[in-house]
Amino acid sequence: MNEKSTRDQIIEAADRLFYQHGFEHTSFADIANAVQISRGNFYYHFKSKDEILTAVIGVRLASTRAMLSKWESEGEGPAERIRSFIHMLVANRADIKRFGCPVGTLCTELSKLNHSSKADANMLFTLFRTWLRRQFTLLGREADADELAMHLLARSQGVATLASAFNDEKFIRQEVQQMDDWLKSCTTALREKR
């Protein structure tokens, strides 16, 4: 293995383990075992778990930006792009049922720990909020774009939390349908105002 690929494998394993077991309950040994490297080789790449967390957050930010950019370029309009966000719950339903939302669980855990990286992790929500606000603005809802963005973020987090608590895929699909209907009502209300 070369240095870059080993580092990337460590970050990937840490990301998965932080999501599945939590940051606090994932040890250096857990990550080293997942990557199948010696602890010495592990420490060559990362000196502390906080360094790994910083790298994991960086990768999550980059992948979120890439996903939002893809939705931006492939969506046929703001409503379709917002629908991509809503349907992320269905696309990731197996993991969500088992572990909740990867963003929400990390932000909540770091907040409880009063960890110095909590603001960096919260940037993941800020990316979604900013992007959704822009889509609602493009949809013609400038006056309440941020309120709508926050409502959708809150609803999706609630769905992820309850779907995980009850291990209920039907609930996810039902809520996604209701969010789709809500989005349609947002665009209908706008047309009626005009």
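Which residues of α7 are buried? The legends below take up this point and others in a predicted model.

**View 1. Buried residues of helix α7 and their surroundings.** In α7, the buried residues are Val103, Gly104, Leu106, Cys107, Glu109 and Leu110, and the helices against which these buried residues pack are α4, α8 and α9 (145-166). Just after α7, the backbone at Asn114 adopts a positive phi of about 50°.

**View 2. The packing of helix α4 with helix α7.** Helix α4 (residues 49-74) packs with helix α7 (residues 102-112) at an angle of about 145°, the two axes lying 13 Å apart, and the crossing of α4 and α7 is left-handed. On the α4 side the contact is made by Leu53, Ile57 and Arg60, while α7 contributes Pro102, Val103, Leu106 and Leu110. By residue type, the contact of α4 with α7 comprises 6 nonpolar residues, no polar residues and 1 charged residue.

**View 3. The packing of helix α4 with helix α8.** The axes of α4 and helix α8 (residues 118-138) come within 9 Å of each other and cross at roughly 10°, so α4 is roughly parallel to α8. Among the residues that make this contact are Leu61, Leu68 and Trp71 of α4 and Leu124, Phe128 and Trp131 of α8, and the residues of the contact of α4 with α8 divide into 11 nonpolar, 2 polar and 5 charged.

**View 4. The salt bridge between Arg134 and Glu72.** Arg134 and Glu72 form a salt bridge in which the closest N and O atoms are 2.4 Å apart; the pair links distant parts of the chain, with Arg134 in helix α8 and Glu72 in helix α4, 62 residues apart. Arg134 counts as partly exposed because its relative accessibility is 43%, and Glu72, at 25% relative accessibility, also counts as partly exposed.

View 5. Glu175 is buried, with a relative accessible area of 10%, whereas Arg155 is partly exposed, with a relative accessible area of 23%. Salt bridges that share partners also join Arg93, Lys97, Glu169 and Arg173 into one network.

Notes
Residues numbered from 1 in each chain as written. Predicted model: local features only at pLDDT ≥ 70, side-chain atom pairs only at ≥ 80, totals over all residues. Heavy atoms only, no water. Axes fitted to C-alpha atoms, helices over the stretch in contact; angles between N-to-C directions. Helix = DSSP H or I, 4+ residues; strand = E, 2+ residues; numbered from the N terminus. Left-handed = near helix turned anticlockwise from the far one by under 90°. Contact = heavy atoms within 4.5 Å. Nonpolar A, V, L, I, M, F, W, Y, C, P; charged D, E, K, R; others polar. Parallel < 35°, antiparallel > 145°, perpendicular 65-115°, else oblique. Buried < 20%, exposed > 50% of the residue type's maximum accessible area, 1.4 Å probe, protein only. Salt bridge = Lys/Arg side-chain N within 4 Å of Asp/Glu carboxyl O.
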